[in-house]
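Me: I'd like to talk through this structure with you, a question at a time. Here it is.

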Amino acid sequence: MKKIALLALILAVPRLWSQEVPYFVTYSHHMEEPGSLELESKTAMDKPDAGNQFFGNSVEFEYGTTAWWTSELYLDATSTVGESTVFGGFRLENRVRPLLQEHWINPVLYVEFEDINEADKSILEVVGHDGKSDFLNNTSETRKVKQRELELKLIFSSDAKGWNYSENVIFEKNLNNSPWEFGYAFALSRPLGLKASARECSFCRQNFSAGAELYGGLGDRYTPGLRNTSQYLSPVVGWQIPNGPRLSFATSFGLNDYSLAHIYRVGLAYEVGQVGSLFHRKGTRP
Amino acid sequence: MNRKLFLLLLLAGVVPIGVVAENHGQWIARVPAQDRSQSNPMATDPSAITAGKILFEQHCASCHGEDARGTGRRPSLHTSRVHRATDGELQWLLRNGSLIHGMPAWSSLPEVQRWQLVRYLHSLDPDPQQQQ
């Protein structure tokens with residue numbers, strides 16, 4: 001009954017279609033619309049050569065606190081074939097745009113607190129010396145290892161001639177007295193059609209976007225650099241169904257022996273417009 | 001070190017609030033002259049208003065209402081201010097938003113789609129009761 005009520009609530013509020021970039025790892029400077037809630041499921045899957053096939057899922061609740069401040073909650077879960085399905089933990093993040101107008105490059109400050117365990121395989125970022133060996137240990141053991149981490153990102157992003165270019169620099173610290181770890185993510189994407197059609201259509205070129213992500217670790221405070229780090233190149237495609245969900249797909253190719261050979265990614269997002277207005281007193285303003 | 005970091009983050013969050021303190025609607029004074037005088041490349045496209053209306057329904061109607069007459073605290077766009085604004089001014093507003101007042105930036109939309117939206121916005125009749 002509660003599920004039906006929740007579904008009815010979601011369908012009753014206005015749906016919003018925001019033009020999102022189809023990235024899985026990289027953040028752009030595009031914020032969630034104020035008062036809107038985006039629900040997104042991101043799944044990463046692979047079968048490491050010497051390990052079991054896994055499905056790492058992250059469910060994301062992204063809320064536009066204001067037009068320049070977006071808050072998110074992630075809930076992670078991982079299922080490993082032949083082992084078990086475990087709750088991977090949660091992440092709380094906030095993104096703030098310090099400059100309130102568009103520039104040729106737009107910075108965003110990102111702060112995240114993670115309370116996850118080592119069984120988490122959602123691979124939402126790659127930092128430090130993360131590598132394929134992290135995916136070989138048995139879930140029953142890794143789930144016991146807690147990781148409380150602070151993650152800071154400097155996000156830079158630009159829009160030009162239909163393209164989005166985004167660059168992220170990642171600083172992550174396990175609060176259990178571990179050194180700072182570093183990572184990066186670059187991405188670019190473009191809608192297949194720039195001009196909007198004068199008829200409603202699901203398969204118009206403007207609803208599809210394509211691009212690529214490049215991301216990886218940059219070592220840690222004591223051993224910075226590319227040595228013993230994993231690196232990935234990932235073509236991405238996205239399909240925004242008008243007034244419906246947004247689908248995105250990617251295959252990340254490992255660029256060195258330290259990386260997983262492939263990571264297959266699927267994303268499904270649905271945006272609910274003006275959820276915040278349900279909690280505000282109605283008023284009029286010209 | 002941690003305290004410095006905390007202060008930096010706090011500043012980063014607080015500065016935008018202090019920097020922009022202006023009345024709703026004063027965005028128009030901030031539009032650079034170069035943007036203000038831009039002409040609409042979709043001005044002669046016969047389908048631009050229809051396409052702009054679809055874009056409006058997809059991106060804007062959840063705040064401004066299906067009929068663009070506003071919802072709750074979100075303003076109506078049937079105003080003389082919108083009607084009088086140049087194409088360039090409206091396109092600038094769509095690109096930059098007015099973040100401090102809750103209007104998001106739509107730079108994620110390709111520029112040509114913003115111009116199509118501008119055509120639709122200018123097709124709205126100003127409501128005599130809406131002075132601004």
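Me: Which residues have the most contacts inside the largest nonpolar core?
Reply: Keep in mind that this is a predicted model. Nonpolar side chains tend to be buried together in soluble globular proteins. Here the largest nonpolar core has 34 residues, and those with the most contacts inside it are B:Leu90, B:Leu117 and B:Leu121.

Me: Which element gives the largest share of this core?
Reply: Strand 5 (106-117) of chain A gives two or more residues, and so do helix 3 (48-59), helix 6 (87-96) and helix 7 (111-123) of chain B. The largest share is five residues, and it comes from helix 7 of chain B.

Me: And what does B:Leu117 touch, leaving out residues up to four places away in sequence?
Reply: B:Leu117 is among the residues with the most contacts inside that core. With those sequence neighbours not counted, it touches B:Gly52, B:Leu55, B:Phe56 and B:Leu94.

Me: Okay, over to the backbone: is A:Lys161 buried or exposed?
Reply: Its phi is near 50 degrees, a positive value in a residue other than glycine. You'll find A:Lys161 in the loop between strand 6 (146-160) and strand 7 (163-174) of chain A. A:Lys161 has 8, so it is exposed.

Me: Where does A:Asn243 lie?
Reply: A:Asn243 isn't a glycine, yet it has a positive phi of about 55 degrees. It has 13 C-beta neighbours inside 10 Å, so it counts as partly exposed. Its place is the loop between strand 10 (231-240) and strand 11 (246-254) of chain A.

Key: Residues are numbered from 1 along each chain as its sequence is written. Chains are lettered from A and ligands numbered from 1 in the order in which they are written. This is a predicted model: local features need pLDDT of at least 70, side-chain atom pairs count only at pLDDT 80 or more; totals for chains, interfaces and linings use all residues. Helices (H or I, at least four residues) and strands (E, at least two) are DSSP runs, numbered from the N terminus. A residue is buried if 20 or more other C-beta atoms lie within 10 Å of its own, exposed if 12 or fewer, and partly exposed in between; C-beta atoms are placed from the backbone. A nonpolar core is a set of buried Ala, Val, Leu, Ile, Met, Phe, Trp, Tyr and Cys residues joined through C-beta atoms within 7 Å. Two residues are in contact if their C-beta atoms, placed from the backbone, lie within 7 Å.
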